[in-house]
Amino acid sequence: MTTRSDHRRPASRPAKRRGRRLAVATATAALCAIVAFVLLPTGHLNSRSLVQVNGSLFAVPAGAQADALAELTALPVRPGSTLDLTGNVISIGDGAAPSREVDGRPLDDDVELTDGAQVIVRHGSPTLEGLVRTTKAIPFQTVVEGSGDALEVVKAGSLGERAVYTGALSRTQGFTVVLEPAQNAVVRKTGAAGKGPKLVALTFDDGPGEYTPAVLDALAAKKAPATFFVLGPGAKARPDLIKRMKAEGHLVANHGWTHKPLTTLSEAQIRSEISRTDAVIGGSRYVRPAYGARNEKVKAVVASMGMKIALWNVDTRDWEKPDVDAIMGWVKKQTRPNGIIIMHDGGSNRSATVAAIPVIVDWLRANGYTLVTIDKIL
Ligand code: NI
């Protein structure tokens, strides 16, 4: 604890020095203010420029150049990104560079920023990735019109073509442009009810008998083919008629031997009915069971002999001994394409059947039917 220092007067001289300095500074400031007040309006000593950047005012040193902007305004200016076709960003910063304009002109680094300059700074705009164009075929459809078994190509189809654009970088599927539409093929079905031939078969059962020659004459006069389902005994008795049937283009087929319903017989008996008659007529592919009677057993035996059952779908009911008009009534009512008309040349008086033949043939042909033997239908 010294007392010497307590007896000094340490503050007296520095205080005087500070007072002098303050006076000098005040005088200098006042002088500068006066000089500035006098000289500022001339602009010569104006050390700041006011620049508008994107609408905000900034003061920059007079004579500053573009590089001063980023520093002073701290504007976050980014280059553009690269986008894929769907607008997703693929990569950042490799798109277009940012742009800077001053008073509508590009702001290059060496351009001075003068007072009142209007600067616009923009982010770099995004860049869309490149497009790759490939072409692909457009398949055509086949339109089917009408119905029936026969097919007729009305119009051939042709492939179309489309351009497919994908992103060169992202491989994203972009958009498709149809260059050439596909032309559909048009196919028309015809047949039974269409333009194809309408087939019909005349068939005669239970012969040969005393009316068979007249039936053959009537058919010959119209050049009309027919199918005869003959019974074995009659065929055996009149081989000349069997021979004539074949010679005149008719088909000779099997109606069994006794005309008993095959459904009432044993398998061996069914086989015998068919094979005995078959031997007489020299073989046939078609069997018409008496009365059309058949069951699974009959079908199995016929199939095992490599033959087909041949029934009918137009019944003239000539066994009722009707007149020609009645027979024609049934024919007109029931006949459709692929019709099989049943008549009889044996078993009873068949004069009405004989008389009906030319009328039936004329009517069928007038209505567009082609007469055939049953093997053309079954
Ligand atoms: Ni019969």
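Predicted model: local features only at pLDDT ≥ 70, side-chain atom pairs only at ≥ 80, totals over all residues.

Analyst: Lys222 forms a salt bridge with Asp362, and their closest N and O atoms are 2.9 Å apart. A salt bridge here is a side-chain nitrogen of Lys or Arg within 4 Å of a carboxyl oxygen of Asp or Glu. This pair ties together distant parts of the chain: Lys222 is in the loop between helix 4 (212-221) and strand 16, Asp362 is in helix 10 (residues 351-366), and the two are 140 residues apart.

Residues are numbered from 1 along each chain as its sequence is written, and side-chain values use heavy atoms, with hydrogens and water left out.

So how covered up are the two partners? Lys222 counts as partly exposed because its relative accessibility is 24%, and Asp362 is partly exposed too, at 41%. The scale goes like this: buried is under 20% relative accessible area, exposed is over 50%, and partly exposed is in between (1.4 Å probe, protein chains only).

Now look at Arg288 and Asp205, another salt bridge, with the closest N and O atoms 2.8 Å apart. Arg288 sits in the loop between strand 18 (286-287) and helix 8 (296-304), while Asp205 is in strand 15, so this pair also links distant parts of the chain, 83 residues apart. Here both partners are hidden: Arg288 is buried because its relative accessibility is 0%, and Asp205 is buried with a relative accessible area of 2%.

Next comes Glu248, which bridges to Arg244 with the closest N and O atoms 2.7 Å apart. Glu248 is partly exposed at 35%, and Arg244 is partly exposed at 22%. Over the whole model, the count comes to 10 salt bridges.

The model has one aromatic pair, formed by Phe204 and Phe228, and it is stacked because the ring centres are 5.3 Å apart and the planes are at 25°. For the rule, rings of Phe, Tyr and Trp (its six-membered ring) pair if their centres lie within 6.5 Å, and planes under 30 degrees apart count as stacked, over 60 as edge-to-face and the rest as tilted. Phe204 belongs to strand 15 (residues 198-205) and Phe228 to strand 16 (residues 227-230), 24 residues apart. Both Phe204 and Phe228 are buried.

Charges can meet rings as well. The charged end of Lys198 sits over the ring of Tyr369, 4.6 Å from its centre, and Arg276 lies over the face of Trp257, at 4.1 Å from the ring centre. To count, NZ of Lys or CZ of Arg must be within 6 Å of the ring centre and within 35 degrees of the ring normal.

Definitions and conventions:
Helix = DSSP H or I, 4+ residues; strand = E, 2+ residues; numbered from the N terminus.
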